[in-house]
Every structure is written in structure tokens, then in C-alpha cells.
Number of protein chains: 2
Amino acid sequence: MAHNNPSRNLAEVPDYVPDEYSDGTASLHASLLQTWWGNMRGKVDIAPHKDLTIENITENVHMINSRCPDPRQKYLLERLVTHIHDFARETRLSTGEWMAAIQFLTSVGKICSDVRQKVVLKRESSQEFILLSDVLGLSLLVDSIDHPKPPASTEGTVLGPFHTHDAANEPNGSTISHDPDGEPCLVLCTVKNMAGEPIANVKIDIWETDSKGFYDVQYADREGPDGRTVMESDAHGVFWFKAIVPVPYPIPHDGPVGQLLKMLGRHPYRPSHMHFMFAKEGYDHLITALYLRDDPYETSDAVFGVKESLIVDLGTVNAEQAQKYGVKEGGKLMTYDFVLVSDEETRRLREKEAMVAMKKLGRKMKLYRGLPVPDVD
Amino acid sequence: MAHNNPSRNLAEVPDYVPDEYSDGTASLHASLLQTWWGNMRGKVDIAPHKDLTIENITENVHMINSRCPDPRQKYLLERLVTHIHDFARETRLSTGEWMAAIQFLTSVGKICSDVRQKVVLKRESSQEFILLSDVLGLSLLVDSIDHPKPPASTEGTVLGPFHTHDAANEPNGSTISHDPDGEPCLVLCTVKNMAGEPIANVKIDIWETDSKGFYDVQYADREGPDGRTVMESDAHGVFWFKAIVPVPYPIPHDGPVGQLLKMLGRHPYRPSHMHFMFAKEGYDHLITALYLRDDPYETSDAVFGVKESLIVDLGTVNAEQAQKYGVKEGGKLMTYDFVLVSDEETRRLREKEAMVAMKKLGRKMKLYRGLPVPDVD
């Protein structure tokens, strides 16, 4: 075999190894490392760094990771390693099962190609890791933790993998879906604050599937956005548009996440819904959706997103509305009054809930950039 | 947007949804789903399937996953979901941190392209997920659980990502490394059973880096295997070969796993070692390595693989050995007596340790294909 690559020796230390280790001789390396670990020994009550066993490996990985300068990242890694190790110990995970997990994650990662993340082709999976998080209930859980909602505010739900950033800004009254097979639906909404006052100039992303249950990005021949728009609430907090009645659809299930659902005997369907995302400075970012009552998947959503407060009964457009909004009388009507929470109130609630949860766990914690970390001296 | 794809409606049910749901009408879907979940309700004590909260989402995901027909897969998923959810709850994981994790996993997956898994190019990462498992201590933990070793048998350690299946079968005495810069090392070994009897015809995979700390597969211009071989023990359980003295090297650190190590303030080095893998019917597959004593990374291996019983002191080739094995007198000598454990003994030990661990956890479990699952009626 030819060795025509640039030579490498012990002197070539990666740039993130502390400077004092880059002297270039193996012996100095050795002595400095001894000092380094010697210092660590003084700071952390550690088991030996070799001969790691089922029982002592976790504390040793923690010890080696404890050099992390950011207290939050250090805490996240400490909990991650604990849970991954406990998982292996509690299940007595076999080598074959471990390899199957490695291959599963690799297949999830492979399907997330650059191209597929920009334009999701039909029958190819988008952002499979988000789907994986969705079907494991993690996405909803994280949204619930990060965006706590006081009573009377609008609840959040899963983002899913189909939001895009290329929808056009359109005025109130626009038609957002051009699917000729869709059943027209007039959507009349308001957006208010916790005091019941209308909020003007809220940026609202809206997206839904076509009548066949596909988002625009699932079509290989997509020429531009459809079934999606970006609007602004008017001075009265009102926004309205012409859409189609949402239909249930399966999440992309031709990839590894579909295989997982199959293994679990689960169906991949989501109940009929329309996505909404609200952004306005000073208010907590709200990612939510409205669901149709009595959908066959209302209580078995593959991604656990349905909340009673987000379920709507479709109404019927009356004569006055038909004239005012330029739609047919007797057509479908969806109405909803969204309530946003201020950044400040959300922050207070999030921090309060975090500290209550930490106390329940019996951990001495403090907040660091609004998130809990161990309170050590 | 054109809708020239085959139409889809509710009748088009994925093939893994039970037959009774594929009738083709939404209303039948609805009634059958009601029956289905209705039955589930009878079998599992469940919280509502909508309005999932931080507190009740875990039990609901378990409930929905409980249709899994394989008891072991069901248990694995139950524990996985519990730990992932507890991780999010204990850390109060933020949406930003969740997205960073999704992006990290995506980048790990992207680097595992087909090409890179077949031939690992220099400065490109191989099987990044294995490396991720390695640096988190999971690989060593799983090996320890799955391959328990009775006293006096040879301990196992991490496989790492550099084993290949293309090494040539070579006779005893072969030269396995052709690096002209490597320091020659005669390796004399035996392989025996627990009773001290030699085992003949054991298939032994051996692999090591060159003198620069690179495996053959890390060279873009690799023409074939080097620094690796497959041998068989002879009638006396002996196998021997000519290699080079192993050197320390960093694991591939130009990818996401390297970024993780950097964030954690960890170095990416492994101490000098030579890999061995033993396979013979009736014996537990042994993946192990020999480490050189006093390596600068002996107590800080980036992947936690070092065990005292696997550390060797290099000796010196004497005149008799030089003549017998056709090497220079005074050269380096590595010797080791490997001890394999029977499949049967390993199985008994693995199952015993599993049941002891389950009892400690206070769980009523039974063995299913040799692995623990809940013991339910």
C-alpha cells in the first residue's frame, strides 16, 4: 500500500486539545496527561480509568466528560449518558440489538440527504429524525416543557416536518389552497393577548395538505408553494383566508420510521388538521394546529398532537358571511380565537415549572440562561 | 401545482395496517378504529389519548406501542421511551436544544454514506454512529453485558469501526504489516479453553494501524488490506505472526463525534493496541485487543477500552527465538495466552447475570430467547 498521504505523528495534535499537550513529544504528552488526570483525580471522586465494568463505566464517562466548560451542556451529557447506560443495563442489551440500533440510526440519517431536506420528494421521507422524535412522543413533550401555557391561552402542538420558509406573504382573504378537488373552507380567526386585547401585525404561517393528504413538498414536480401562506393579523387582531377542509393522512412511512411503526403494530395516520405558527416580538412563539372533531384518528394520532382545546367543529357559511367574504353560502366555515402569551409570562412559567420539577427529583439545581443546571459551588 | 401523481385516498392503507382496516371507506375505518382502541382500552389502563401532557405522555406512548407482537422489542421500546422522556423532563430540554440534537444526529447519519462505509477515506469518518456509541461508553458496556467473562478467561473490549471482511487468510508466520517505518514485532500467542487445553482451528482476525496511526482503510488510495490478517490456530492452539509495534492514534475526529469531544474538552486518542477477534463453533465470539503498558493514553482511552488484563509488556526476541521464527535477535516480542469460554458457559453466565440485575431492579421478569422481558400473564 502506498503511503503518499501527508505523514502524521504524535506531534500532530488536533487543534482542540489544550495547548500544553501540543509540544510534540510522546513523553511530554505522557507527563502532561498524568498531570491533567492527576488534577481531575483531585476534583472528582473517580473509579479507575481502566478496567471499566458494567457497574462503574457510567461514573467514569461522567468524570471524563466533566471537563466540559458549559454547565448546561455538561448536565445534558451527564443525564444522556446516565439514561443510555441505564437503558442498556435494564434491558441487558445484546450486541445484535445494539448493531440493529446502529443500523437503524444510520438508515434514518441516510434518508436525510441535503436534497430531500430542501425538497421532499413524494414517497421519500423528510427529516426522518424529526419523524422519529414525533412518533416517540418526544416532540410533543419538548414543546410542552419549553412552551408552557397558562389557562385560557392557546395550547401548542407538534411542528412536524412539513413547514417551509418559502410561502408567500399574502393579504387577508387570500386563497391558500388551489386544489380543485378540495372542499372549500372559509377560515375566520382572531389573535388576542391574555387580557383579551387584539394583537395586530402578528406574523402567521399556515399550512395544510391537499385533498389527497399530501403537502406540496411531497410532490416531485412541485413548482412553488401551495396549501401554505404567511399572513398578518389586522388592527382588530383578525386574519382570514380561503382554504380547503383538512383530511387525515399518513406520515411518510416508506423509511425507517415506517418500519419502526410496523414493528410496533402502529398505524401512521394523523387526524385532519391545519397548522398555524404565530410570531410577534414580545410574545412566545406559538406552534399549533386545529383539528376537526370526530376524525377517525382523533384519539390515535401517530405523533400524539391532538388536544381537546384545539379541536374545532366546522360551521356553515351563512348568507351575510357569504356576501362579506365572497364565498358560497352553505360552504364550510372554520373559526378560532387564538390567545398568545407574552415572552415574559412564558419565561416565568417555564422557570417556575422547571424548578418545581427539579425539586420533586430532589436535585439541588439553579437556573443558567433560564435552564436548570446542578447548583454546585 | 400539478397533481399528476397517483391519487391517494383513505382506502389506500399501508400494507402493515391490519387487514380489517383496508376495506376502503373512511366510515368503516372510523368504526374499526373505535373497536380497535376500544379493545385496547379494555386491556390497558390508559389515560386519554389526546390532551397529552408532560406528566401523562409516557404512559400513553407505552400504551400505543403495546401492540408490538414481540415481547422483547416491546420491552426495548418501553424502556427507550421511558429514558428519552425522563431525559427531557429531567433536563427541561428546550426546543433549541432538541433541534440541535436532531441536527447533530442528522450530521452523524450523513457522514455514514454507502461509499464511506465500504472504503473509509482518510479524514472522513467511518460509521460515525459506532464512534458515537464508543465515546459515550455504550459500546464497552454492551460488550460487557453480552459477553460476560468468568475469571481466568480473556476479557473483551470495543470492536471499533476499523474491522473489515477483506483480510486474506494467511498461515502462521505471515508478515501482516508491510509498513517500512514500523518497528518490527514478533507476536507469539496461544488460544486455550477454560480447562487449559489448546483449541485448534480457531479463526482469528487481527488488525492494527501502520506506524503513523492509520488503518489501511483510512487511505484514499488503499489497494488492498494491510496491517490485517485472518489466521487459524494450529493443533497446539498456537498462532504467530510478524507485525509492527502498535502506536497511539486519534479516532476520526473531523466529523460530528469530533465536535462532541471538542465540546466536552476531551482528547480523541486511543492508547497503542492491536485488535484480535476469535471465532470457533461452540465458543463465545471474543472481540478483544492487547494494549501496551505505559502508553500515555493508558488511563484516558477515548473509547474506554483498556483493561489491566489486556495490557502487555513487550519482551525482546532472544537468539533461539530469532532462529526459530526467522526474525532479528533483540527485536520486540509480544506474547499472550488467550482463553476462550464455551457458548454454553457464556449463555449460562449471561442469563444468570441478567436475572440478578432484574431482581435488583425489583422487576418480575423472565427470559425470552435468552434476554429479559416482563413476566406478565
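Guide: Contact here means heavy atoms within 4.5 Å. This is a predicted model: local features need pLDDT of at least 70, side-chain atom pairs count only at pLDDT 80 or more, and totals for chains, interfaces and linings use all residues. Residues are numbered from 1 along each chain as its sequence is written, chains are lettered from A and ligands numbered from 1 in the order in which they are written, and side-chain values use heavy atoms, with hydrogens and water left out.

Visitor: Which residues does S133(B) touch?

Guide: Leaving out residues up to four places away in sequence, S133(B) touches W98(A), I102(A), L138(B) and S139(B).

Visitor: What does its side chain make a polar contact with?

Guide: The side chain of S139(B), at 2.7 Å. A polar contact is a pair of N or O atoms within 3.5 Å; within protein, one must be able to donate a hydrogen and the other to accept it, and residues adjacent in sequence count only if both atoms are side-chain atoms.

Visitor: Is S133(B) buried or exposed?

Guide: Buried, with a relative accessible area of 5%. Buried means under 20% relative accessible area, exposed over 50%, partly exposed in between (1.4 Å probe, protein chains only).

Visitor: New topic. How many disulfides over all chains?

Guide: 0. A disulfide is a pair of cysteine sulfur atoms within 2.5 Å. For C185(A), the nearest cysteine sulfur is that of C189(A), 9.6 Å away.

Visitor: And C185(A), buried or exposed?

Guide: C185(A) is buried, at 2% relative accessible area.

Visitor: How far apart are K212(A) and D181(A)?

Guide: They are 31 residues apart in sequence and 8.5 Å apart in space, C-alpha to C-alpha. K212(A) counts as buried, at 14% relative accessibility.
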